[in-house]
Amino acid sequence: MSRMLLSRNDILAVYDSPGKETLQLLTGGTAVSKKIHGAEPAPQPSDSDPRSRSNAVDQEPWEGGARQSPAAQVQAARTAIDQRLKQPTSPDTLTGLSSRSQFQSRGGTALDEARRDGRMIALFLMGLDRFKDLNNTLGHQAGDAVLIEIARNLQSLMEGNDLAARYGGDEFALMLTGLSSESDVGSVAGKMLEIAAASIRHQTSKLRSSASLGVALFPEHGSDIDELIQSADIALNRAKAEGRGRAQLFAPQMRTALMERLQQLSAFQNAVEVGQVLPYYQPQMRLSDRRSYGFEALARWALPNGDILYPAHFKAALEDADAAILLGEHMLQRVSDDLRRWRASDMPVCKMSINVTAPELKRGDYAEKVARIFSEKELPPSQLTVEITESVLLDDKATQISETLSELRRLGVSISLDDFGTGFASLTHLKSYAVDQIKIDRSFVADLASNSDDWAIVRATLGLAKSLGMRTVAEGLENWTQLKCLQTLGCDYGQGFFFSPAVPADEAEAYFRLHRAYKKAKLHQFVLPGPPNQG
């Protein structure tokens, strides 16, 4: 079972000077520690130094008249730390509430008493939503005032041996020992959320922010303080994931889902590192003459038994920022390798679309990464199209993302807005961001020949794109009727199973060569459909 451990900074914060020196011994901060780990020891005073004879004995670690070994020194330091951790620590200096360390120590004692008496304990872990926005907008003094007011009001909910702590920068923990039922727990949770909202409103009426809350009960959700806090933290994360501004009671299946997600994430990261995740290429065709134009690179997980997993199978891993960044760089490397190999085999130049996520763009180095990789492979960046969804543009670091997109465009990279029409404020995004291409979502293509609303939406989208000088690509093209409709409406490009599913690199190269030549139109291709019957 995973345990929550104190960070080094937390421990340092509650130690006096001798304790800090002891901790430095364990973390490489003294000559002794450096010697233990094979580093060069600190310079020692020479015999001519007046300090050398008088202070040398005092500076050496002795026990019982004999010099301690390095291992004994480390063990002594660890024992000192263990003794210190058992002692009460100072409260949070800003709010006056208990610190994290103090809460964990006293909370453990409270659980021992509750276990002996057979009582229920409720642990509430509350995190403020978008607290950084408040600090950035109104300043840290306003943020501090909110934290102080919340702390003061939380104490009004306490009785007897209840505990409250500032558990992190914008997190509070409350342990109530006198509740008798889950309905009481729900009532307290509602009051805590209202306290947070009211404290924020008191500072500003313009910023609508709230808090999220995770709740865990002793003994059913944790047998000790570490497990109980972890359960509340899992519930808090679930509350944030499901929309924020709400309370979530822990349930055992949340821990199970978390473990499964972590296992999948670990397996996926390993698959990327050993090369099991590969780019498959779905052809993009020019609809006017059905000639090969380019590809969209899609991630596929090739299992050792030959099975192929699609993104829907490892969606949880893709929602992790670190995994998304790892996959993005891996795909960029593999795709550029294939492009270089195709060029070496005299394959005609094709456009290549690659999906990019918000975490990749927010780092600020994505354009630099593209420039470096394409330069190393001697490929023109203009061959690349970066596909983003509207959800990327709604990210809280949209300014950084906009700058990255502008840098990509300066390199010659095209920007494509994927799943157009399914998100929010699409027209605003077309106006505000550097977009070269619109991808019409498959949901508008599926019933294009029979649904007058879909016909009207696609026609309007194509007209808008043309007036703005943007290319258009239709996704999910699966039959002749859809092709004819899109040709009639003037869509530039299309992709879908009608042409080909995503295929490995060798098959993609063969497909492009085969379909690069002009296809002579057959007579029935000129019998084009009109809009669906309005009746």
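Which residue follows H11, and is its phi positive or negative? The residue that follows H11 is Gly275, and its phi is positive, near 85 degrees. Before I go on, please keep in mind that this is a predicted model, in which local features need pLDDT of at least 70, side-chain atom pairs count only at pLDDT 80 or more, and totals for chains, interfaces and linings use all residues. Residues are numbered from 1 along each chain as its sequence is written, and side-chain values use heavy atoms, with hydrogens and water left out.

Of its 535 residues, 44% count as buried, a word I use for under 20% relative accessible area, with exposed being over 50% and partly exposed in between (1.4 Å probe, protein chains only).  Among contacts, meaning heavy atoms within 4.5 Å, those in the protein with a separation of 6 or more come to 69% from residues 24 or more positions apart.

Let me return to H11. This helix has 22 residues and reaches 32 Å from its first C-alpha to its last, close to the 32 Å expected at 1.5 Å a residue, the expected span being 1.5 Å times one less than the number of residues. Met254, Arg255, Leu265, Phe268, Ala271 and Val272 are buried in H11, and what covers the buried residues includes H10, strand E7 (247–249), strand E8 (277–286) and helix H13 (321–344).

How do H10 and H11 pack? Helix H10 (residues 225–241) and helix H11 (residues 252–273) pack at an angle of about 80 degrees with their axes 10 Å apart, where axes are lines fitted to C-alpha atoms, for helices over the stretch in contact, and angles run from 0 to 180 degrees between N-to-C directions. H10 and H11 are therefore roughly perpendicular to each other, since angles of 65 to 115 degrees count as such, under 35 as roughly parallel, over 145 as roughly antiparallel and the rest as oblique. On the H10 side the contact is made by Glu227, Gln230, Ser231, Ile234, Ala235 and Arg238, and on the H11 side by Met254, Arg255, Ala257 and Leu258.

Finally, a word on Ser500, which sits in the loop between strand E16 (493–494) and helix H22 (505–515). Ser500 is buried, with a relative accessible area of 7%, and, leaving aside residues up to four places away in sequence, touches Gln282, Pro283 and Tyr511.

How values were computed. Helices (H or I, at least four residues) and strands (E, at least two) are DSSP runs, numbered from the N terminus.
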